[in-house]
Amino acid sequence: MPPKPKEKKINLIKRNLEEIITEGDLRKLIHSGEKLKHYIGFEISGKIHLGSGLISMMKIKDFMDAGVAVTVFLADWHTWINDKLGGDHEKIKKVAVGYFKEGMKACMKCLGGNPEKINFLLGSDLYRNHNEYWVTVIDVSKNASLARIKRSITILGRKENEGVDFAKLIYPPMQVADIFFQGVHLAHAGMDQRKAHVIARDVALNLKIKPLLDKKGNKIKPVAVHQHILLGLGKPPSWPIPKDKLRDVWTSLKMSKSVPDSCVFIHDTPEEIRRKINNAFCPEGETILNPVLDWAKCLIFREKSSKLLIERPQKFGGKILYSDYRSLEQDFRTKKLHPMDLKNAVAENLIKLLEPVRRHFAKPRVKKMLQELDKMLLAK
RNA sequence: CCGAGGGUGGCAGAGCGGUCAAUUGCAGUAGACUGUAAAUCUACCGAGCUUGUCUCUACGGGGGUUCGAAUCCCUCCCCUCGGACCA
């Protein structure tokens, strides 16, 4: 028996996520028949890697398929506050509506979705002439303690006790205000952003200016959906890691633009992709902190129908086709599958998946945007 | 604004008038070893080339003292921590 349309929507929205806060709230929203609004915000901090490009877009496609109105928010103000791209607001805006937008659209093509259905919104355009936005920032701020905001500073990719200028404390309330000011029901981000979303939910019922309302006019909390953060390809700072410490070190393991070889960028050449993945940390039999396996799980086995073909020399066992992640993981754990064969297969699979991006970035107009960004990053 | 302590190579952190291109740790690069990576070991690790007991540029910026300064003096900038001011 096929699932009911509403159940189908719920399943699309909640699949492949690290967490959803809360599923109950989501169900209520779906069943109320409300036309759902989604948003995900990005800092324009440099080149797009597989995390922002593919993981986010996969979910965005799910939301679109579930009939949700999706918005990719180009957070130029936040980027400026966080000193990215040299802290030059004009440059940031240019890269946001140029390179970044093109890159994200191309990623959507890789996944078979329609990029034209995504609403791209630049922060500056949202705030301009909207006094009420800043009122919302204050409204949010009045409902969160200083200590709370200070703790949430990790959403900027900064350490909790790091010395920061004051503007950085305005960032979290702004991010929360973004949600309410746009009337977002589904606040979407990586796990690293959960502090902002939890604040949003905590203040939601106390807001006076732009609370989120249901059809009956009651204040409600936005639903927070958090996707997985891909592991970086490098070796963990300490290894092995005791299981109970796993949570603490997770953020230091994530893929990071600042560590060039810990990540693959969406427009990397096939040679770069092969090289990076080949150099990846990948202990034989290790299934928990293994970036290559993690990538296979999240990037390749994203649909029920996904498959991964391992081509290896006859003497190592010959070809083998995996049609679900579980059996791949099991063979890896039992060392029936060698890391090198896994690496080769994952690399080739990603190269193929990203083909549309490379094609898009081969166009002179788009290529130029990437070159200009490269120059900017180098200038620092 | 006042007082104290600081600003050294990608980071951390020594040096405190010559022997400093600057100890050391981490990171990075290359090679050896493993059918991958990691670990380990070896070399490199400011730039340049004629690869040398070579040249240039360097210890927040500028100026000065000295045969000679990362090291002393002056000045400016910035950071940290206290304090003062608060119609």
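Ala, Val, Leu, Ile, Met, Phe, Trp, Tyr, Cys and Pro are counted here as nonpolar, Asp, Glu, Lys and Arg as charged, and the others, Gly among them, as polar. With these classes, the surface near RNA strand B is made up of eight nonpolar, four polar and six charged residues. A residue is near a molecule or strand if its C-beta atom, placed from the backbone, lies within 6 Å of it. Of the 18 residues around RNA strand B, those that come nearest are Cys 282, Phe 316, His 338, Pro 339 and Met 340. Helix H15 (residues 339-353) gives the most to this surface, with four residues; helices (H or I, at least four residues) and strands (E, at least two) are DSSP runs, numbered from the N terminus.

The model is predicted, so local features need pLDDT of at least 70 and side-chain atom pairs count only at pLDDT 80 or more, while totals for chains, interfaces and linings use all residues. Residues are numbered from 1 along each chain as its sequence is written, and chains are lettered from A and ligands numbered from 1 in the order in which they are written. Chain A has a mean pLDDT (the predictor's confidence in each residue, from 0 to 100) of 89, and 92% of its residues reach 70 or more. The scores of the model are ipTM 0.80 and pTM 0.87.

The domain assignment, which is automatic or from a database, gives domain 1 (5-227) and domain 2 (243-264 + 269-353) in chain A. Their C-alpha centres lie 29 Å apart. Domain 1 brings 12 residues to the contact and domain 2 brings nine, where two residues are in contact if their C-beta atoms, placed from the backbone, lie within 7 Å. On the side of domain 1 that touches domain 2, helix H3 (residues 50-65) supplies the largest share, five residues. That side has five nonpolar, five polar and two charged residues.

Two individual residues complete the picture. His 267 is found in the loop between helix H11 (246-253) and helix H12 (270-278). His 267 counts as buried because 23 other C-beta atoms lie within 10 Å; the cut-offs are 20 or more for buried, 12 or fewer for exposed, and partly exposed in between, with C-beta atoms placed from the backbone. Not counting residues up to four places away in sequence, His 267 touches Val 357, Arg 358, Phe 361 and Leu 370. Ile 10, in helix H1 (residues 5-14), is buried as well, with 20 other C-beta atoms within 10 Å.
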